[in-house]
Structures are given as C-alpha cells and as structure tokens.
Amino acid sequence: MFGKRSDGKQAVNIDPIMRITGTIMQHRYDTMINYLLEADCAGIDNFIEAEREKGESFSYMHVVVAAIVRTLAERPQLNRFIMNTRVFDRNKICISMTIKKFLRDDADEAVIKLEFDGSENIYGIKEILDNAVRENQKSDAGNGTEKTARMLLHCPPFLLKLIMKTAMFLDRHGMLPKKLIRVSPFHSSCYFTNLKSISTGYVYHHLYDFGTVGMFVALGKEVIKPVSDIQTDGIRNAKILQLGITLDERICDGLYFAKSLKIIKSHLTDPGNLRDNFAVEKPLTKKEQRRARRKQR
C-alpha cells in the first residue's frame with residue numbers, strides 16, 4: 001500500500017517519459033510488443049553433446065530457461081513490472097510455466113513457479129527445473145497453485161468474479177497477501193511455454209492483465225533455414241531455434257530491450273558461458289533509495 005509491495009520495491013531514477021507511459025497506457029494488452037528471436041542451434045547442440053559425454057542430460061528447454069534467467073540477472077530493468085502506474089523492481093527472478101503431466105489430450109496440466117536469485121549457473125537452474133517438473137508430473141501431486149485454483153472453483157461464478165475483482169483491487173494497491181503472490185504464476189518475471197515439446201511452432205502469447213508478468217516466451221519447434229556462412233563465403237542450411245517473445249513496453253526503453261534480446265541470443269549461441277555463476281549486484285539500501293528519489297524529484 002502507498003507504493004509498497006511484498007514482491008518488489010518502487011524503482012528510482014525513472015525517465016519522465018517512462019513514468020508517464022504507465023499512466024497513459026494502464027493495461028498490458030495495450031502495451032504488448034512482439035519479437036521473433038532466432039538463433040542457430042549449432043551452439044546448443046554442441047553444448048548438449050559435450051555435457052552428454054560428461055554424463056549430464058540437457059534439453060533445449062534447460063538452455064533457454066537458463067539464458068532467460070541469466071539475462072534477467074544481467075539486465076535488471078527487464079525484471080521490472082508496472083502496477084497502478086508505478087514502476088517496481090522485482091525482488092526475485094521468477095519463471096512460471098505450464099506443463100502436461102502426461103502427453104495425452106485428457107492429461108491434467110500443472111503450473112509451476114520457479115524462483116532464482118540470478119547467481120545460479122546452468123547446472124543449478126537445470127536442477128531446480130528438473131526437480132519441479134518431476135514433482136509436479138506425479139499424478140497425485142498438487143502444488144500451492146493448483147490447490148488455490150481448486151479452492152476457488154468451489155465458489156459459484158458470481159462469487160468467483162467478485163473474489164477476482166477484489167484480488168485485482170488489492171493487487172493494484174499492494175495489499176494482496178504475500179502467500180497468494182507466492183503461488184500465483186501471474187506474478188512472475190517471465191511466463192515460459194515449451195511448444196517444441198509438442199512439435200508446435202512458436203507463437204506470440206498475450207500478457208495477462210492480472211498480476212505482474214512483463215515477458216512471455218514461447219519456444220517453438222526448430223526450423224531449417226538458409227543462412228550465410230562466413231567461413232565458406234556461401235550459403236548453408238542451418239537448424240534455427242525460434243522464440244516468440246512478448247514484452248510490456250513500459251518497463252524499459254527500446255534500446256535496453258534491444259540489448260537484452262541480443263544478450264539472450266548470445267547465451268543461446270554459446271551456452272558454455274552459462275557454466276559459471278553470476279555475481280549479482282547488491283540492491284540499494286533504504287538510505288540510498290531515498291537519496292535517489294530526492295534526486296529524481
């Protein structure tokens with residue numbers, strides 16, 4: 001309340017244009033921009049093969065999620081969100097995703113929410129991801145998100161609508177209970193979907209107006225495309241990974257977005273860089289934040 005939230009702190013030193021943009025465009029469906037990120041799969045394939053020889057089993061999903069987490073740590077403005085026209089720096093890096101417990105039409109889905117501090121290397125990210133998927137693929141598994149959803153569905157439609165409107169009001173004013181934010185997949189840095197696992201191409205997914213997700217990434221099935229080969233000065237057919245990325249344009253400027261997307265691509269081109277841990281910058285103290293706010297005024 002009054003600009004304070006359990007999942008983030010109000011950002012300081014915000015450009016005036018960026019600050020007023022959140023007031024002009026108050027809904028995420030008004031601010032979505034779509035971007036197709038393509039990367040040569042050779043680097044990922046070489047990395048997966050090298051790790052297989054060491055006894056480690058990596059998939060494209062592991063590499064893509066690790067690239068997203070590392071980029072969010074390197075580019076903290078990408079981990080911001082807009083709420084009630086204010087810009088917030090998120091406390092943690094959170095990745096939400098929906099998984100099928102079994103690859104059948106009638107199989108249940110599970111929503112998982114992964115938390116990272118940004119310092120993890122690709123091995124640590126893989127372990128967190130694998131443990132969450134393994135636990136939620138159990139037929140009788142039910143995480144906090146599923147239990148909350150089931151509880152709400154016991155309510156009649158009119159009451160459920162009222163509950164959701166109340167939750168959105170509380171969220172706007174920083175009063176949504178911390179426990180609900182913790183289990184909500186809509187309060188994340190990024191929502192990720194692996195369409196490659198069901199042999200489907202990438203899509204541009206919408207952003208949810210409830211919650212704080214400012215980035216949606218859809219991994220599609222790789223395609224074969226002709227690309228220029230610098231070594232032979234000719235053309236070759238290459239396997240290309242495709243990511244459909246949807247962004248909330250209010251969280252940072254276009255230059256920052258462009259550089260961040262290039263960094264994601266560089267990590268996908270050479271995943272070996274993700275083997276090392278990342279040194280996360282310490283957040284500003286309350287005194288430093290007050291000083292920065294005074295300068296901003």
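Is Y191 buried or exposed, judged by its relative accessible area? Y191 is buried, with a relative accessible area of 6%. Buried means under 20%, exposed means over 50%, and partly exposed lies in between, using a 1.4 Å probe and protein chains only.

Some ground rules. This is a predicted model, where local features need pLDDT of at least 70, side-chain atom pairs count only at pLDDT 80 or more, and totals for chains, interfaces and linings use all residues. Residues are numbered from 1 along each chain as its sequence is written, and side-chain values use heavy atoms, with hydrogens and water left out.

Now the rings. A pair of aromatic rings is described by the distance of the centres and the angle of the planes. Rings of Phe, Tyr and Trp (its six-membered ring) pair if their centres lie within 6.5 Å; planes under 30 degrees apart are stacked, over 60 edge-to-face, and the rest tilted. That rule gives nine aromatic pairs. One of them is F81 with F88, which is stacked, at 5.3 Å centre to centre and 10 degrees between the planes. F81 is buried at 1% relative accessibility. F88 is buried too, at 2%.

Back to Y191. Its ring pairs with Y208 in a tilted arrangement: 5.9 Å between centres, 55 degrees between planes. Y191 sits in strand β7 (residues 190-194) and Y208 in the loop between β7 and β8 (215-219), so the pair ties together parts 17 residues apart in sequence. Y208 is partly exposed, at 22%. Ring pairs also link F186, Y191, Y208, F210 and F216 into a cluster.

Next, the strands. Strands (E, at least two residues) and helices (H or I, at least four) are DSSP runs, numbered from the N terminus. Two strands pair if DSSP finds at least two bridges between them. β1 and β4 (residues 86-90) share three bridges. G8 has R90 in β4 as its bridge partner.

Then a hairpin. Strands β9 (residues 223-229) and β10 (residues 234-248) run antiparallel, joined by seven bridges. D229 has G234 in β10 as its bridge partner. Four residues lie between the strands, and D233 takes a positive phi near 55 degrees.

Last stop, helix α1. Which residue is our example? I17 is found in α1 (residues 16-24). I17 is exposed, at 58% relative accessibility.
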